[in-house]
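Biologist: Thanks for sitting down with me over this one. Shall we go through it together, one question at a time?

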Amino acid sequence: MQKNYTYEIKPLPPREYRYFLSTPEDYDPAKESLPLIVFLHGAGNRGNDINLIKEHGIPKLFAEKSPLRVVTVSPQCDTDMVWNAQVYELKQFIDWIVEKYNIDKHRISITGLSMGGFGTWAMGMTFPNYFSAMAPVCGGNGMVWLAGLLKDIPIRAFHGTEDDVVLPNCSIDMVNAVNKAGGNAELFLYEGAGHDTWIQAYEQTDTIEWLMKQIKKV
C-alpha cells in the first residue's frame with residue numbers, strides 16, 4: 001500500500017566560520033566596489049587555528065593586505081567537515097562578506113586546493129549563476145553529467161600528472177565534460193608533478209589576476 005507523506009525541513013543549525021580576509025590598505029567600501037576571490041583550503045588546514053590556512057595559496061601570498069585591487073576571503077573548515085557538505089552555509093557566509101565589504105556582485109570568483117578544489121567544483125555546480133570564474137586546484141567532482149551547469153563560467157583547473165592523492169582524471173574528466181557542454185574550461189596539467197600543484201597555480205601563473213578580472217555574464 002502506498003501513502004503520501006510530507007516532512008518539514010528545519011533550519012540548519014548556526015555555523016561559525018573563522019576566516020582570513022585581505023583588502024587593499026586604502027580600501028573604503030563606502031567609496032569603492034572591488035572584486036572578491038573566495039579561497040577554500042585543503043583538508044590538512046582544517047581545525048580551529050586560523051593561522052593554518054596561511055600555509056598555502058592566496059592567504060600565504062596576500063599576508064595582511066592585498067597587493068592588488070581585490071578583496072580575498074578564506075574561511076576555515078572544521079576538523080570533522082568537508083567543504084562539499086556545507087555549500088549552503090558557505091554561500092550564506094559569502095553573501096554576508098559581499099554586503100559587508102561592498103563587493104562587485106559581477107566579479108565574485110572562487111578557487112581552492114585539494115579538498116578546496118572539490119569544494120570549488122561543488123559551489124560552482126550548486127550556484128552556477130553566482131560566480132564570475134572558478135579555479136579548482138588538484139580537485140574534482142565526479143558528477144560529469146552536471147557539467148553543463150558550468151558552461152557559462154570561465155574555469156581554470158590545475159593538476160599534476162603524478163598526483164596520487166587526487167588522481168588527475170578528477171580534473172581531466174570535469175574539464176572535458178564542461179567543454180563538451182559548450183563551456184570554457186582550461187586544464188593546466190603539470191608533467192611529473194604530484195599533489196602540490198597549488199605552488200604552480202598560485203605562484204607561477206597569472207591566475208589570481210585572471211580571477212579578479214573575470215566579469216559574470218548577465
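Biologist: What length does α2 reach from its first C-alpha to its last?

Modeller: Bear in mind that this is a predicted model. Helix α2 has 14 residues, and at 1.5 Å a residue the expected span is 20 Å. The reach in the model is close to that, at 20 Å.

Biologist: Is K91 buried or exposed?

Modeller: K91 lies in helix α2. Leaving aside neighbours within four places in sequence, K91 is in contact with M123, F127 and Y130. Its relative accessible area is 17% and the cut-off is under 20%, so K91 counts as buried.

Biologist: Which elements do the buried residues of α2 pack against?

Modeller: The buried residues of this helix are V87, E89, L90, K91, F93, I94, I97 and V98. A helix has 3.6 residues a turn, so residues three or four places apart point the same way. As for the partners, the buried residues of α2 pack against β1 (19-22), β2, β3, β4 and α3.

Biologist: Which element gives the most to the largest nonpolar core?

Modeller: That core has 41 residues, and L36, I94 and W121 have the most contacts inside it. At least two residues each come from β2 (34-40), β3 (71-75), α2 (87-100), β4 (103-113), α3 (115-126), β6 (155-160) and α4 (169-180). The element giving the most, with 6 residues, is α2.

Biologist: Which residues does I94 touch, not counting those up to four places away in sequence?

Modeller: I94 is buried in α2 and is among the residues with the most contacts inside the largest nonpolar core. Its partners, with that sequence limit, are L36, V38, I108, M123, Y130 and F131.

Biologist: How many residues does the other core have?

Modeller: It lies apart from the largest one, and I37, Y190, A201 and M212 are among its members. The number of residues in this other core is 20.

Biologist: Which residues are closest to the centre of the largest pocket?

Modeller: The largest pocket has a volume of about 170 Å³. By class, its lining has 7 nonpolar, 1 polar and 2 charged residues. Of the 10 residues that line the pocket, the closest to the centre are R15, Y17, E89, Q92 and F93.

Biologist: And D80, is that residue buried or exposed?

Modeller: D80 sits in the loop between β3 and α2. Its relative accessibility is 66% and the cut-off is over 50%, so D80 counts as exposed.

How values were computed: Residues numbered from 1 in each chain as written. Predicted model: local features only at pLDDT ≥ 70, side-chain atom pairs only at ≥ 80, totals over all residues. Heavy atoms only, no water. Core = buried A, V, L, I, M, F, W, Y, C linked by side-chain atoms within 4.5 Å. Buried < 20%, exposed > 50% of the residue type's maximum accessible area, 1.4 Å probe, protein only. Helix = DSSP H or I, 4+ residues; strand = E, 2+ residues; numbered from the N terminus. Contact = heavy atoms within 4.5 Å. 1 Å grid on protein atoms, 1.4 Å probe; cavity = no way out; pocket = protein on both sides within 12 Å on 5 of 7 lines; lining within 4 Å. Points joined across faces, edges and corners; volume = space filled by probe spheres on them. Nonpolar A, V, L, I, M, F, W, Y, C, P; charged D, E, K, R; others polar. Expected span 1.5 Å × (residues − 1).
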